[in-house]
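Here's a quick look at the charged side chains in this model. Have the sequence and the structure open as you read.

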Amino acid sequence: MDQDEYNSFDEAMERLLSWIDGIDLPMFVLTHQDGDRLEIVHATDSLGRGAGIPTSLFPGHTAAEIFPPRTAKQLEGNYRGALASAKPVSYEEAIDIDGRETWWQTTLSKPVGFDGRVVLGIAFPITTRKEREFITADAMADLQSRFEDLQLFSTMAAHDARSPLATVSSLIELVLDDFRDMGDGKRELLKLCSKTVDEALGQITATLERGRNLSSTISAMTRVDLGRLCN
């Protein structure tokens, strides 16, 4: 980079930093320097508050000089991915900061005018939101488990009741076979009992069918970045 290009780059960087300092958002800027060094140039006070880290720790340092090795490797991979991408990159991820698991919604983009050597990051802390999501997911999993238990119980109960009723129906049919009506209405009563048992068997069969067809309508399908998830 010659002197004119250096001055132009430096002036553009000064304007960029002045611009982001006027916006109360958690942002940071890093540059791809000689020697393949990804150095953080600036971080806003809002980012420092969200991360619980003084912003003075960021300028002039790489991720490896601020964060634990595993976290630093993860962050640097994000930055290099953004430098190689023609479009902004957005993602959610957990980052270990001073032994605390913090969640962030981050967008990395390359500002125009820096020859693709500068990354502007906007990182919103979403730890509280993620904790609520995890609690909701646990509650839904528990509800699904209870629903499956209820489904099994209702199916088993209906199945257990069907066999005795079928036996009663068969016994009534045996009694009615060659049954001599003495004019006291007992045949009609036996037929009424048989009809009642048949209706009960029909209801039990319908209950078993509904139990087999019961299923959760909640769809949790989504695209997942397995690499980021495994990290």
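## A salt-bridge network

Lysine 130 is buried, with a relative accessible area of 9%; buried here means under 20% relative accessible area, exposed means over 50%, and partly exposed is in between (1.4 Å probe, protein chains only). This is a predicted model, where local features need pLDDT of at least 70 and side-chain atom pairs count only at pLDDT 80 or more, while totals for chains, interfaces and linings use all residues. Residues are numbered from 1 along each chain as its sequence is written, and side-chain values use heavy atoms, with hydrogens and water left out.

So what does lysine 130 pair with? It forms a salt bridge with glutamate 92, a salt bridge being a side-chain nitrogen of Lys or Arg within 4 Å of a carboxyl oxygen of Asp or Glu. That pair links distant parts of the chain, with glutamate 92 in strand S3 and lysine 130 in helix H4, 38 residues apart. Helices (H or I, at least four residues) and strands (E, at least two) are DSSP runs, numbered from the N terminus. Glu92, Arg129, Lys130 and Glu133 are linked in a network of salt bridges, and these pairs belong to it:

| Pair | Closest N and O atoms |
|---|---|
| Glutamate 92 and arginine 129 | 2.3 Å |
| Glutamate 92 and lysine 130 | 3.0 Å |
| Glutamate 133 and arginine 129 | 3.2 Å |

Glutamate 133 and arginine 129 both sit in helix H4, four residues apart, or about one turn of the helix. As for accessibility, glutamate 92 is partly exposed at 28% relative accessible area, arginine 129 is partly exposed at 31%, and glutamate 133 is partly exposed at 33%. By the salt-bridge rule, the count comes to 10 salt bridges.
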